[in-house]
Amino acid sequence: MKIIRTKDYQDMSRKAANIISAQMILKDDSVLGLATGSTPIGIYDQLVDWYKKGDLDFSKITTVNLDEYKGLPKENDQSYWYFMNKNLFSRVNIRPDYHFLPDGTNLDSDNECERYEKLIDSLGGIDLQLLGLGRNGHIGFNEPCDSFPQDVHVVDLTESTIEANKRFFASADDVPKQAYTMGVGTILRAKAILLVVSGKDKAEALNAVVNGPITPQVPGSVLRLHPNVIIVADEDALSEME
């Protein structure tokens with residue numbers, strides 16, 4: 001693992017965007033694995049800014065997202081498709097048929113998981129996977145559990161994750177209780193992984209990922225088994241490691 005220390009969220013976003021833009025420039029038809037949540041927003045804003053200045057071209061880029069709520073249509077303003085379209089897809093020249101997410105409206109879990117896993121394989125795998133980190137150490141929606149899930153699967157969201165996400169909904173009762181997510185195995189098959197972490201509320205989880213045992217109770221700890229992981233984290237997120 002390589003750890004890049006940054007001053008604050010803005011600095012973290014810019015440095016992480018630099019890594020993604022370098023991947024795009026070196027391979028203009030890259031397959032990028034993308035993430036949602038509050039942490040990547042600054043990264044997407046920076047990429048959009050560089051695109052508007054003519055420094056980046058998304059016309060040959062393909063993207064696959066980590067996850068999507070099960071049961072939400074993409075038109076729902078809390079779906080991850082809606083989030084990605086608002087924060088990135090509609091703001092750059094990526095082709096509409098070249099960005100992919102799990103289909104939240106497919107209620108046949110086995111069918112959807114198999115479909116999305118095969119889709120990623122058909123693209124030749126992921127060149128660079130962007131990840132955030134949950135307060136409980138989750139990556140994607142791979143929650144703490146007894147074993148590392150390998151492929152795309154459906155998960156029952158933990159109470160802590162539902163609690164973290166309820167600010168986006170009218171109430172906790174409205175938060176979907178399941179989600180489709182790439183498995184740990186799917187993530188580890190990416191050629192490179194970029195983990196971004198910001199804030200003191202993530203410091204304990206990041207320290208466990210980097211310095212604790214590799215265990216499915218801290219799903220992000222499995223990243224230590226990958227040969228090409230870059231962590232970009234601000235001072236607050238790294239505060240437990242000092």
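Colleague: Why is Cys 145 called partly exposed?

Modeller: In this predicted model, Cys 145 has a relative accessibility of 28%.

Colleague: Why is Cys 113 called buried?

Modeller: The relative accessible area of Cys 113 is 9%. Buried means under 20%, so Cys 113 is buried.

Colleague: Why is Cys 145 too far from Cys 113 for a bond?

Modeller: A disulfide needs two cysteine sulfur atoms within 2.5 Å. For Cys 145 the closest cysteine sulfur is that of Cys 113, 15 Å away, and therefore too far for a bond. The structure holds zero disulfides.

Colleague: What puts the buried residues of helix α7 on the same side?

Modeller: The buried residues of α7, which spans residues 203–211, are Ala 203, Ala 205, Leu 206, Val 209 and Val 210. They cover an arc of only 160° around the axis, so they lie on the same side of α7. Glu 204 and Asn 211 are exposed on the other side.

Colleague: What do the buried residues of α7 pack against?

Modeller: They pack against three strands: β1 (2–6), β9 (192–197) and β10 (229–234). In the chain there are seven helices and 10 strands.

Colleague: How do you know that the radius of gyration of the chain agrees with a compact globule?

Modeller: A compact globule of 242 residues would have a radius of gyration near 18 Å; the chain has 17 Å, so the values agree. Buried residues make up 53% of the chain.

Technical notes: Residues are numbered from 1 along each chain as its sequence is written. This is a predicted model: local features need pLDDT of at least 70, side-chain atom pairs count only at pLDDT 80 or more; totals for chains, interfaces and linings use all residues. Side-chain values use heavy atoms; hydrogens and water are left out. Buried means under 20% relative accessible area, exposed over 50%, partly exposed in between (1.4 Å probe, protein chains only). Helices (H or I, at least four residues) and strands (E, at least two) are DSSP runs, numbered from the N terminus. The arc is that of the directions from the helix axis to the C-beta atoms. Contact means heavy atoms within 4.5 Å. The radius of gyration is taken over C-alpha atoms; the globule rule is 2.2 Å times the number of residues to the power 0.38.
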